[in-house]
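Please look over the sequence and the model shown below before reading on.

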Amino acid sequence: MLPLLIFIPFFGGIISFLLQKISNKLPKFIAMFSILLIFLLNIFMFVHITFPKLDLFCINFFSNKFCFTWMEDIGIHFSLYEDIFSSYMIFLTTLLGLLSIIFSYYEIYKNPGTFYLNVLILISSTIGSFLSTNLIFFFCFLEIIIFTICFLNIFWGSKDIDTSIKFSCIKKFFLQSQISSLVMLFSILLLFNYYHSIYGVWTFDFNLLKHAFINKSVIENIILFGFLLSFIIKIPSIPFHTWLPDVMLFSPRGNFVDLIGFLSKVGIYGLLRFFIPISGNIFYKIQYFMILLGIINVFYGTFMASIKNNLKHALAYINISHVGIILLSMFNFNNLSYEGLFLYIISSTISSSLLFILSSKLYNNFNTYNFKSFGGLWKIFNTIPGFFLFFALSNFGLPGTGNFISEILIFIGFFLSHQKISIFFAFSLMLFAFCYIKLFHRIFYGSLKNNLKCCDLSFVETLFVSLLILFLIFIGLFPNFIFNNFNFFDICFN
């Protein structure tokens with residue numbers, strides 16, 4: 001069952017590639033069908049894991065573990081495992097994939113079969129990284145994500161910017177990603193050798209390797225530092241964030257969601273799944289440094305977003321601010337913070353993705369992301385301003401939404417542990433509000449600068465966005481629906 005979640009989009013991509021010679025529309029339908037299929041399969045897996053009593057008809061078919069022995073002598077197995085945490089991350093991945101295809105339905109891409117081949121491989125490898133328990137396969141899936149993002153940006157990225165600048169920025173992203181990957185590979189091999197020196201067994205299975213951290217030796221600290229550095233670059237956090245705003249400018253035109261979101265989610269997942277459980281005393285030694293880094297991310301990201309003249313740049317820096325909130329909650333040893341963190345990952349991903357898509361809708365109408373070309377757009381659109389306002393308000397904590405309850409939980413958890421530092425945290429939430437209000441005002445209020453005939457959201461797009469709004473409100477009003485099923489703190493630390 002679990003391999004299907006990886007192989008269905010992969011083979012869907014190959015079929016899309018083969019069918020592009022017959023029709024330009026078929027690859028899109030194949031891509032949508034593949035993602036819908038894994039979306040439904042993951043829902044069945046979620047029911048099987050969360051409510052086993054309801055899964056009476058499928059109990060022998062669905063299993064949350066899979067292992068195929070490949071190179072036994074050196075412990076490389078294609079081992080997959082899905083729990084409630086990875087199930088939610090796969091849900092987010094397939095949701096982003098669905099959003100991408102639905103909102104780019106009328107876009108015309110050159111070589112659509114090859115385009116959707118890359119998109120589906122990106123989704124397949126992202127799901128693979130959420131399921132892998134063997135570190136070699138986790139590393140391989142991460143590498144595939146980086147290469148597919150580069151291909152998508154090079155061949156289908158925006159053509160409105162000078163080619164030399166475009167390749168310079170993509171080269172920066174590729175080099176920083178490869179440095180991150182090299183550091184991770186070095187840490188994995190060091191851990192692999194270290195485990196063998198203690199137990200006499202060669203293995204890359206993380207469930208075994210995490211028990212190697214018993215001596216608190218220098219080599220253990222080097223391994224942990226390598227993992228931390230690698231994931232921090234991928235999130236990305238200051239001072240390794242410079243590639244994010246530039247690369248986001250070159251992501252495929254139209255209404256495609258933030259491709260970098262796939263990589264950053266894997267980075268957050270890696271920190272929680274692989275670094276936190278083995279960090280031990282290191283967690284407490286670096287705790288205040290990471291909290292300081294989180295605060296810097298929030299303030300710097302918000303400040304830069306408020307002074308940028310490009311909408312996509314502004315959204316990229318807001319994402320960096322969100323990384324700050326995630327670091328603050330992740331390195332606060334508190335159950336409430338971890339519950340808030342989990343809800344924050346879901347809510348902010350949905351809200352940010354919709355803001356990104358709505359900004360692409362504006363781009364389709366005005367062929368620019370520059371704020372100087374916007375202004376007064378509330379008068380000429382029917383649905384976009386209202387939806388933009390909701391997701392902006394949601395992102396800075398509109399009561400009744402998932403973002404609100406997640407920030408409240410994170411803040412209470414942080415206040416219980418660090419009363420003085422929580423003042424900065426509260427102030428940062430106010431800055432979020434200021435930043436989004438300024439952003440909204442620059443686009444939709446003031447004098448109308450473009451009196452063009454504009455294309456609004458279609459009926460299907462409006463329906464889909466409305467469903468996502470209801471979902472954000474549902475998890476905001478009934479957070480216990482999620483928290484009653486598992487303890488996120490235990491999942492991360494055990």
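Why are Y195 and Y199 separated by about one helical turn? Y195 and Y199 are four residues apart in helix 6 (residues 163-199), and therefore about one helical turn lies between them. The model is predicted, so local features need pLDDT of at least 70 and side-chain atom pairs count only at pLDDT 80 or more, while totals for chains, interfaces and linings use all residues. Residues are numbered from 1 along each chain as its sequence is written, and side-chain values use heavy atoms, with hydrogens and water left out.

**Aromatic pairs**

- The structure holds 45 aromatic pairs, where rings of Phe, Tyr and Trp (its six-membered ring) pair if their centres lie within 6.5 Å, and planes under 30 degrees apart count as stacked, over 60 as edge-to-face and the rest as tilted.
- One of these is the tilted pair of Y195 and Y199, with 4.6 Å from centre to centre and 35 degrees between the planes.

**Helix contacts**

- Helices are DSSP runs of H or I with at least four residues, numbered from the N terminus, and two packed helices are described by the angle between their axes and the distance between the axes.
- The axes of helix 1 (residues 2-19) and helix 2 (residues 26-50) come within 8 Å and cross at roughly 175 degrees, where axes are lines fitted to C-alpha atoms over the stretch in contact and angles run from 0 to 180 degrees between N-to-C directions.
- Because of that angle, helix 1 is roughly antiparallel to helix 2, a term used for angles over 145 degrees.
- Contact means heavy atoms within 4.5 Å, and among the residues that make it are L5, I8 and G12 of helix 1 and I30, S34 and L37 of helix 2.
- The residues of this contact divide into 15 nonpolar, four polar and no charged, with Ala, Val, Leu, Ile, Met, Phe, Trp, Tyr, Cys and Pro counted as nonpolar, Asp, Glu, Lys and Arg as charged, and the others, Gly among them, as polar.
- The axes of helix 12 (residues 311-330) and helix 13 (residues 335-366) come within 10 Å and cross at roughly 175 degrees, and therefore helix 12 is roughly antiparallel to helix 13.
- Residues of helix 12, including L315, N319 and H322, meet residues of helix 13, including Y344, S348 and L355, and the contact divides into eleven nonpolar, seven polar and one charged.

Key
Helix = DSSP H or I, 4+ residues; strand = E, 2+ residues; numbered from the N terminus. Parallel < 35°, antiparallel > 145°, perpendicular 65-115°, else oblique.
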